Protein chains: 2
Amino acid sequence: MLDVCLLGCGGTMPLPGRWLTSLVLRCNGHSLLIDAGEGTQIAAREAGCSFKNLDTICLTHLHADHTAGLPGLLLTMGNMDRTDPVTLIGPPGTKRLLEAVKTIAPELVFPVWVTELEPNTTQTIPLGDWEITAFPVNHTVPCFGYQAQVPRAGRFDPVRAAALGIPKQLWRHLQSGECVGGFTPQQVLGAPRRGIKLVYSTDTRPAKALYRCAEGADLLICEGMYGEADKLAKAKETCHMTFQEAAKTALRSNVRELWLTHFSPSLSRPGEYLSQAAAIFPNTSLGSNGRRTTLHFTEE
Amino acid sequence: MLDVCLLGCGGTMPLPGRWLTSLVLRCNGHSLLIDAGEGTQIAAREAGCSFKNLDTICLTHLHADHTAGLPGLLLTMGNMDRTDPVTLIGPPGTKRLLEAVKTIAPELVFPVWVTELEPNTTQTIPLGDWEITAFPVNHTVPCFGYQAQVPRAGRFDPVRAAALGIPKQLWRHLQSGECVGGFTPQQVLGAPRRGIKLVYSTDTRPAKALYRCAEGADLLICEGMYGEADKLAKAKETCHMTFQEAAKTALRSNVRELWLTHFSPSLSRPGEYLSQAAAIFPNTSLGSNGRRTTLHFTEE
């Protein structure tokens, strides 16, 4: 299962009552954060998300509303006696950003390792039992969306295992994907089953890699900077999306559910425009501070 | 008069419901901010403090809980179509800090001028009708307290002016401090009257320059990192103060009023320790998010 907590739903600047958009994902005891704008550490605390097992921070792009919370966040993690390293994944320029973060917060007591993504390239980063795929999107600066995927092996076939004469004490090893006693998992497992897929994408225009990576996702958390359909020209100019465009993306990618986020500070009542999006993709709802869900394997 | 708004009362890290300590002062249409930790722009918005006339930002020291809000704050000021420059005043290292801030927020559309203070030196910076004095305090890194002073000229003596044969149409010029028609203000004004004095000091141990600059202040806003008297050893170790030490400072400096601020995150109920401070200096109270007052000239 994959625990999901959207810490905020704002874009551009944090507002009283609306934290900037960032996402915490937890899977098998490991925690990952995507984006860290100003106030993210407060939003996380408010939402009850611990930083204890946070070992990976992904940045969509290097605009300050997605990065300026890093000095405070890393310092607070250090104040909790952390010594384990954190991996910081982001677009080209992330190393330089980290140097600036360390100038503001020079007292970091644990290592931060940086992985700079290749421009315009879809890249998968394995995280043990799950994986993250960064894909290029279309903003005013190099920007990536992120897909989190929890794969699921095929069903174990005890009839086949018995027919092959595999001793029962080896079964659980094969079930968990290990080769053992001269046998391979492929001999006793069916085709991989549907896993869990979540896609998070801000700031971007509708983009091919987004359509492709979001295909069939359990949950798409997508920017909707503007609620008003007549702000399409503005959305194009600033490389953002309207609610309707986000809904069309969800529809085209056959996702199961869409959360809208990254609202413009000018969009004080996003709920007024939700119906316009839901008319296109019914299972649309609004992101909010600390909104949570848990995604489970759905196939038997 | 001097408008005072304490934006928050926390130290070390921002918490839900407790913004980091920073102060907005306004005098004659000009606005000044002291310290800008993470979330300061949200705290200011929540308190209804506009950034429109903010032309000076002072930093006590370069710990991130006093500086990490700068990228977001400056960006938001830029988003409001600001083109006027801002002066950033702080300890040695402030220029380097600003470079880091600009790496995180490269889109600044107005100039930021830096004044680095001389180490271990008391320095006065005139701001038109009022002035700021930075004075060195005692922390783990170079740190300054700030005194804001609104001077007040002596009373105009019409009897003397008439006796000197000064034409009445020149009186208001002399009253406002101008030399005119061969006459000087000194000829018709009494001794300078009591003005307004406010002192803000975090993070520090009790310090001689603090005693001296706070002498007779209308309001001392002073750190009290620890409420518990038995945290004195910890306060000494981390170069902070207990509530009792802040109260002793207020008493020794003959201030009129003391606000405690910069509470440790571990100090979840500062009110429990207020009486210990008030036993030493009765006119002590607690800082809080958006706490305001207006200081007026008190002498007739």
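**Chatting through the A–B pair**

Reply: To start with the interface: 34 residues of chain A touch 34 residues of chain B. Keep in mind that this is a predicted model.

Me: OK, what are the ipTM and pTM scores?

Reply: The model has an ipTM of 0.92 and a pTM of 0.94. As for chain A, its pLDDT averages 96, and 100% of its residues score at least 70.

Me: Back to the interface. How much area do chain A and chain B bury between them?

Reply: About 2,500 Å², with 66% of it on carbon and sulfur atoms.

Me: And which residues of chain A lose the most area to chain B?

Reply: Those are Glu38(A), Ile42(A) and Ile104(A). Together they make up 26% of what the chain A side buries.

Me: How many salt bridges does the rule find across the interface?

Reply: The count between chain A and chain B is 0.

Me: What rotation superposes chain A on chain B?

Reply: A rotation of 180°, with 0.0 Å of shift along the axis and an RMSD of 0.0 Å. That is how a two-fold axis relates two copies.

Me: Which C-alpha of chain A is nearest the axis?

Reply: The one of Ala100(A), which lies 2.2 Å from the axis. Also, both copies use the same surface: 100% of the contact residues of chain A recur in chain B.

Me: Switching topic: what's the strand order in the open sheet of chain A?

Reply: The sheet has 7 strands, running β7-β8-β9-β10-β11-β12-β13 in chain A, and the pairing is mixed.

Me: Which strands stand at the edges?

Reply: In chain A they are β7 (123–127) and β13 (284–286). Each has a single partner strand, so one side of each has no neighbour in the sheet. From one strand to the next, the twist averages 20°.

Me: Do β10 and β11 of chain A run parallel or antiparallel?

Reply: Parallel. Strand β10 (residues 193–201) and strand β11 (residues 219–223) of chain A are joined by 4 bridges. In one of the pairs, Leu198(A) has Leu219(A) in β11(A) as its bridge partner.

Me: Which helix packs on the sheet?

Reply: Helix α8 of chain A, residues 243–252. This helix touches β11, β12 (258–261) and β13 of chain A.

Me: What angle does the direction of helix α8 make with that of β12(A)?

Reply: About 155°.

Conventions: Residues numbered from 1 in each chain as written. Chains lettered and ligands numbered in written order. Predicted model: local features only at pLDDT ≥ 70, side-chain atom pairs only at ≥ 80, totals over all residues. Heavy atoms only, no water. pLDDT = per-residue confidence, 0-100. Pairing = 2+ DSSP bridges. Helix = DSSP H or I, 4+ residues; strand = E, 2+ residues; numbered from the N terminus. Axes fitted to C-alpha atoms, helices over the stretch in contact; angles between N-to-C directions. Contact = heavy atoms within 4.5 Å. Least-squares fit on C-alpha atoms with pLDDT ≥ 70 in both. Buried area = accessible area lost by both parts, 1.4 Å probe. Salt bridge = Lys/Arg side-chain N within 4 Å of Asp/Glu carboxyl O.
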